[in-house]
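Reader: Hi, I'm new to this one. Can you walk me through it, a piece at a time?

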Amino acid sequence: MTGVHVSTTVNGDAVEFVCPGSESLLDVLRNRLGLTGAKEGCGTGDCGACSVTVDGQLVCSCLVLGAEVEGREVTTVEGMARGDELHPLQRQFIENAALQCGICTPGFLVAAKALLDRNPSPNEEEIRYALAGNLCRCTGYDKIVRAVNAAAKDLAREAKRSGKKRKRA
Amino acid sequence: MNYEAPATMKEASKLMAKAKGEAYLLAGGTDLLVRMKSGMVEPDLVVDIKRIPATQEIKKTSNGYVIGAGVACATLGRHKGLLKDWPGVVEAANLIGSDQIQGRCTMVGNLCNASPAADSVPAMVAARAKAVIVGPKGRRTLPVEKVVTGPGSTSLKKGEIVEAIKLPKRESRSGDAYLRFVPRTEMDIAVCSAGVNLTLGPKGVIKQARVSLGAVAPTVVLVPAAARALTGSKLDDKALDKLAAACEAACSPIDDKRGTVEFRTEVAGVLARRAAKIAYERAGGK
Amino acid sequence: MTSDTSYTDQEFSLIGTRPIRPDGVDKVTGRARYGADASAPGQLVGLILRSPHAHAKIKSIDTAKAEKLAGVKAVLTAADLPDLTNGNRASYDVLENCMARDRALYDGHAVAAVAAIDEVTARKALKLIKVSYKKLPHVTDVDEAMKDNAPIVQPHVRTAGGDPDKQTNIAQVSTFGHGDVEAGFAKADYIVEESFKTEQTHQGYIEPHACLATLGPDGQGELWVTTQGHYTFRNVCAELLGLEVAKLKVTSSEIGGGFGGKTHVWMEPVALALSRKANRPVKLVMSREEVFRASGPTSSTSVDVKLGATRDGRIVAATATLRYQDGAFPGIWGMLGAMTSFACYDLENVKSVGYDVLVNRPKVAAYRAPSAPMAAFGVESCVDLLAAKVGMDPVDFRLLNAAKEGTKASYGPPYGPIGIGPTLETVKKHPHMRARLGKNQGRGMACGFWFNFGGQTCCDLNIGVDGTVNLTVGTVDVGGSRASLSLIAAEELGIPYESVKCTIGDTASLGHNDTTEGSRGTFSSGMATIFAARNAIEELKARAAQTWEINAKHVEWENGQAIAKGIEHSNLGPLTLEELARKSPTTGGPIAGHNEVVADGAGVSFASHICDVEVDPETGSTKVLRYTVVQDAGKAIHPDYVEGQFQGGAVQGIGWALNEEYIYGKDGRLQNPGFLDYRIPVCSDLPFIDTEILEIPNPNHPYGIRGVGETSIVPPLAAIANAVSNAVGVRMRHIPMSPPRVLKAIKEAQMEEEAQQQVSAG
Amino acid sequence: MLEVQLSGAFRDALDGAASVQIEAATIRELLRKLKERYPRLHDPIEAGVAVSINGNIFRDNWGEPIPPGAEVFLLPRIPGG
């Protein structure tokens with residue numbers, strides 16, 4: 001077997017691994033790097049449970065080869081919280097009971113963060129379409145949409161506050 | 001399986017040309033990796049073209065646009081010039097899959113995967129798009145509708161790679177649109193689809209039109225009779241009826257898990273009507 | 001009494017509040033460990049080879065080449081899983097489903113398995129196994145399978161109680177009802193008679209089946225697995241593999257959805273057998289395609305319903321014939337359809353007959369209120385039609401005929417206090433019913449019923465030295481039950497919710513617990529938790545008495561502390577749970593409460609749903625515009641998760657009603673084993689799902705809890721069918737109401753209308 | 001004397017009889033006597049049974065007492081999802 005040697009950045013940390021050329025980024029993350037937050041729900045890009053970002057772009061890690069991320073920056077759900085401080089999306093998912101079994105939650109969080117990074121105040125329809133690539137079978141999506149909406153408001157409030165601080169300083 | 005990420009198109013073409021066993025190009029990978037996962041293909045070589053700088057570019061030229069083979073569909077959706085000039089092509093490309101898929105999939109990949117249901121292809125065909133092909137014998141250009149020869153097969157020869165898509169310069173008073181039918185609001189493959197591109201003459205009379213249909217035949221079809229139905233009209237009901245009838249007549253679909261022959265035929269006509277109305281409005285007609 | 005199950009009306013301080021769930025942080029940070037997230041040193045990758053044929057004789061399996069491949073550590077066929085079931089046919093069926101023996105019975109049936117050092121090697125090994133098949137005639141449609149000349153799926157099957165010499169696919173016929181339906185129909189002024197079909201659907205949990213199995217030559221093993229019932233899995237695996245129950249420890253991982261589909265073993269015994277053969281841990285994870293082809297979807301059905309009513313709107317007779325396919329192994333799904341079909345109504349004359357039919361499809365498993373949605377689709381569609389004939393509003397018509405306390409249920413026994421009437425009253429008053437509808441829009445409503453169950457349950461409640469509490473339960477947390485159970489423990493003990501840590505125990509740490517099914521998690525573990533807490537309180541009181549050196553009968557427990565009663569003890573200040581815990585080393589050691597109970601007496605549950613849709617008349621596409629769920633919860637312990645169950649069930653029903661279906665080709669193979677073409681609803685397909693929780697206490701639970709998990713999937717098929725029918729003016733009789741089906745129905749109705757106009761014009 | 005109402009497979013096993021008369025003080029006694037007196041009920045009872053006493057369904061508590069004159073139904077044992 002021909003292994004590919006890859007140097008990349010995952011959640012801000014420099015990592016190296018060797019994997020078969022055919023191995024997906026999802027398998028690399030889960031089986032070689034011990035990051036099991038991204039889940040395999042389908043392996044075909046239809047459920048979004050394996051969502052991560054590569055150079056800031058939201059992707060299904062099951063549809064990316066491990067070999068492709070040479071020199072890129074990969075972010076997973078494990079990289080969302082800052083130290084012991086949860087990201088507002090993580091906080092709001094818990095507070096809004098936006099998860100039942102929780103298997104889809106990491107993918108939703110990563111996708112929702114990608115949405116809010118690009119559109120800080122999405123309306124309901126924009127939230128629903130942006131999350132259409134993430135399947136949830138427990139919640140009927142109701143509380144998920146509410147949680148994303150609430151997190152957007154939190155982020156806006158935080159941004160306003162830090163903006164004011166900056167002005168004062 | 002060997003993975004290669006060459007820095008130039010020439011190198012990529014050479015790798016593909018001399019490859020023994022199964023070799024595949026990797027652009028977005030949203031079709032290739034699915035087929036690898038299911039065991040449908042077992043590549044000996046995968047050549048990733050995304051590290052070739054030109055594949056990542058959208059260039060505006062005096063003749064229109066050149067879109068590199070590695071440009072993700074999401075990037076098209078953020079390109080203001082393209083959105084203004086070819087909204088139908090962009091919306092077709094942006095219908096492929098979820099945001100996750102959008103971040104990876106490419107129009108060239110969508111074309112070369114050679115599925116009759118590919119969303120971006122009917123829009124490109126209606127737009128008179130051309131594929132720029134490089135290969136061992138140099139460069140050639142081919143109308144997009146000539147690239148795909150049947151489900152899963154293309155006219156590309158060994159070592160040939162579609163390097164870019166060329167979209168013509170947008171004429172004044174013209175517009176395009178693409179619509180597809182899917183059971184859900186997102187995530188589905190088109191059950192049938194229609195692309196319309198038209199140019200208006202004075203007083204809102206349609207001067208020129210191109211109509212294409214997806215998922216109703218082994219390849220995307222260009223329907224000259226449908227174009228004729230529109231040409232010379234102001235998109236009145238009679239013209240629309242003729243358009244729908246021409247589209248239905250051009251359908252030779254199959255019954256499968258995604259739709260029936262009757263349904264595809266009927267709805268292809270409905271979509272063509274609706275797409276024509278949008279394109280007409282975009283062209284400045286009422 | 002610490003174990004009195006009867007309901008007492010009481011003021012709660014915590015029950016009904018909405019604290020955050022204890023497993024929240026783990027689940028939003030990616031730390032929570034599901035079936036595929038565990039690994040063991042030296043583990044192998046297991047893969048299963050599956051039949052590409054719907055029905056075939058297995059002439060031979062040649063594994064020699066696979067065994068010789070470097071890196072392959074075990075290859076397994078049915079020969080490695082000898083029949084140890086001792087004539088127990090039900091167990092043999094499980095064994096045969098795990099690994100085909102002389103015949104492959106459906107597309108996807110396991111025929112061999114391998115364990116290898118990595119996935120690439122395991123895949124290669126699968127390709128090297130040569131199976132020689134002889135194709136046999138197959139049948140996948142339930143009506144076709146009932147015909148006399150149909151291919152026989154299981155040669156040994158006879159209709160229970162029927163002709164002992166006749167091979168058949170009809171495994172069981174079940175009749176329920178009472179009264180005289182013929183006499184009833186004779187009295188009817190209006191009669192409605194219709195036939196319906198529903199296609200097969202899958203639970204569609206996002207987490208595929210996954211396990212990590214370790215089994216040594218000493219007969220000791222461990223199984224980490226995503227399951228709704230790790231104790232049941234232990235018993236079944238031990239039986240099939242000839243193990244002693246106590247020597248197999250099964251741990252339920254976090255579960256990524258089940259909805260009934262994780263109540264049965266599918267490949268877990270195979271993983272254990274591979275591990276035993278290789279003498280190394282084996283991780284076996286199904287692909288999504290395998291989940292669709294070879295786990296346990298629900299039945300496709302064919303249902304006939306006949307209803308009769310008098311002019312004043314009373315239903316005087318009701319019959320239903322319900323044909324459900326069980327897949328390739330006998331089940332009880334048609335029987336359940338027959339039992340649930342008319343449960344919402346007060347009927348003098350009623351008869352339902354359920355058929356359980358074998359076909360060449362995967363073994364059917366439970367799916368959320370199993371079998372009830374399809375029966376409700378037929379019955380509730382006919383109720384709407386009959387209301388229209390009588391000239392009554394469909395809600396009033398249902399109210400007039402609704403079952404109530406004392407009504408003899410159509411499946412037999414009389415009801416206690418029930419919620420069907422109150423849910424209908426709530427619907428009648430709901431603003432949703434008065435909202436205006438636009439062009440091409442329609443409104444529908446429907447009712448649903450589910451039994452709910454209890455079952456064998458036990459739990460441990462251990463008080464730590466600082467007064468915090470470990471609650472260990474044996475039901476799996478499928479949707480937030482750790483939060484609900486922590487609330488219950490905290491409520492009983494009088495301590496903060498945050499002081500309770502609830503854990504799901506493995507099979508070595510608690511006695512047997514039945515599978516978490518039948519909406520029993522919060523009902524039955526809640527009951528056991530109440531009793532365990534009350535036992536602990538008795539002990540706490542004894543410890544306080546000891547501390548105070550008074551008689552325990554003078555001690556009472558109030559708001560989390562022991563109080564000494566009586567003027568003679570007025571000098572004694574209260575002792576908190578924390579103080580008693582800290583003193584426990586010198587008052588007799590650790591303080592705990594335990595309980596083992598058979599939680600019978602689960603309360604039946606009813607729901608009424610309202611739905612608005614818009615149908616595109618040119619494409620047949622349906623959009624759900626608004627949806628309201630009204631359901632009786634008995635008592636909502638944690639309302640967030642009760643709402644979550646209502647919403648989730650409704651949306652599964654919406655998917656079933658509109659787009660989800662198993663599509664089989666003429667070759668008997670499943671055409672759409674993936675989330676691309678098995679279309680579960682996506683976020684952008686849906687509106688918010690409004691909920692109304694009613695609380696009609698279950699008399700057989702101290703807090704009045706009924707199960708809430710299942711009933712919400714029962715009404716949607718019918719509610720949406722009624723809405724679509726109202727929108728397009730054509731009665732929909734086939735589910736899913738996919739765009740091609742709806743468009744075809746519209747076209748046929750138009751053609752019929754035109755033909756009639758021509759006739760009348762001529 | 002109890003009148004035990006039958007449904008489903010139990011009724012079919014007794015050629016459509018709607019009920020049988022039997023004397024029993026607990027579910028265990030009831031099931032034992034039913035199997036003794038009606039051998040054809042043996043299989044359906046072994047396949048899984050639940051007993052409803054005055055509307056409360058018992059699946060496992062075979063020690064449950066049956067009050068005199070109670071309304072008793074024999075039902076198939078049913079699972080959930």
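**Helix packing in chain C**

Author: Start with two helices of chain C. Helix H3 (residues 89-98) and helix H7 (residues 230-241) of chain C pack at an angle of about 85°, with their axes 11 Å apart. That angle makes H3(C) roughly perpendicular to H7(C). This is a predicted model: local features need pLDDT of at least 70, side-chain atom pairs count only at pLDDT 80 or more, and totals for chains, interfaces and linings use all residues. Residues are numbered from 1 along each chain as its sequence is written, chains are lettered from A and ligands numbered from 1 in the order in which they are written, and side-chain values use heavy atoms, with hydrogens and water left out.

Reader: What do you mean by helix, axis and roughly perpendicular?

Author: Helices (H or I, at least four residues) and strands (E, at least two) are DSSP runs, numbered from the N terminus. Axes are lines fitted to C-alpha atoms, for helices over the stretch in contact, and angles run from 0 to 180 degrees between N-to-C directions. Angles under 35 degrees count as roughly parallel, over 145 as roughly antiparallel, 65 to 115 as roughly perpendicular, and the rest as oblique.

Reader: Which residues make the contact of H3(C) with H7(C)?

Author: From H3(C), C:Ser91, C:Val94 and C:Leu95. From H7(C), C:Val236, C:Glu239 and C:Leu240. Contact here means heavy atoms within 4.5 Å. The residues divide into 4 nonpolar, 1 polar and 1 charged. For those classes, Ala, Val, Leu, Ile, Met, Phe, Trp, Tyr, Cys and Pro count as nonpolar, Asp, Glu, Lys and Arg as charged, and the others, Gly among them, as polar.

Reader: And H15(C) with H16(C), at what angle do they cross?

Author: Roughly 70°, and the axes of helix H15 (residues 521-548) and helix H16 (residues 577-587) of chain C come within 10 Å. H15(C) and H16(C) are therefore roughly perpendicular to each other. On the H15(C) side, the residues are C:Leu540, C:Arg543, C:Ala544, C:Gln546 and C:Thr547. They meet C:Leu577, C:Leu580, C:Lys583, C:Ser584, C:Thr586 and C:Thr587 in H16(C). That contact divides into 4 nonpolar, 5 polar and 2 charged residues.

Reader: New topic, chains. Which two have the most contacts?

Author: Chains A and C, among the 4 pairs of chains that touch. There, 44 residues of chain A are in contact with 51 residues of chain C. The area buried between chain A and chain C is about 4000 Å², and carbon and sulfur atoms give 60% of it. Buried area is the accessible area (1.4 Å probe) that two parts lose on being put together, summed over both.

Reader: Which residues of chain A lose the most area to chain C?

Author: A:Ile94, A:Gln100 and A:Arg137, together 21% of what that side buries.

Reader: How many salt bridges between chain A and chain C?

Author: The count is 4. A salt bridge is a side-chain nitrogen of Lys or Arg within 4 Å of a carboxyl oxygen of Asp or Glu. A:Arg30 and C:Asp37 meet in one of this kind (2.7 Å, N to O). The side of chain A that touches chain C divides into 22 nonpolar, 9 polar and 13 charged residues.

Reader: What about chain B and chain A, how much area is buried?

Author: About 2300 Å², with carbon and sulfur atoms giving 56%. In this pair, 26 residues of chain B are in contact with 31 residues of chain A. The rule finds 4 salt bridges across this interface. A:Glu40 and B:Lys37 form a salt bridge (2.7 Å, N to O).

Reader: Which element gives the largest share of chain B's side?

Author: H2(B), with 4 residues. The side of chain B that touches chain A divides into 10 nonpolar, 8 polar and 8 charged residues.

Reader: How far apart are chain A and chain D?

Author: They do not touch, and their nearest C-alpha atoms are 14 Å apart. Chain B and chain D do not touch either, with nearest C-alpha atoms 26 Å apart.

Reader: How many salt bridges over all chains?

Author: The structure holds 81. B:Arg180 and B:Asp119 meet in a salt bridge (2.8 Å, N to O). B:Arg180 sits in strand E11 (residues 174-181) of chain B, and B:Asp119 in the loop between helix H7 (107-112) and helix H8 (120-126), 61 residues apart.

Reader: Last one. Is the peptide bond from C:Ile735 to C:Pro736 cis or trans?

Author: Cis, with omega near 10°. C:Pro736 lies in the loop between strand E27 (734-735) and helix H19 (739-761) of chain C.
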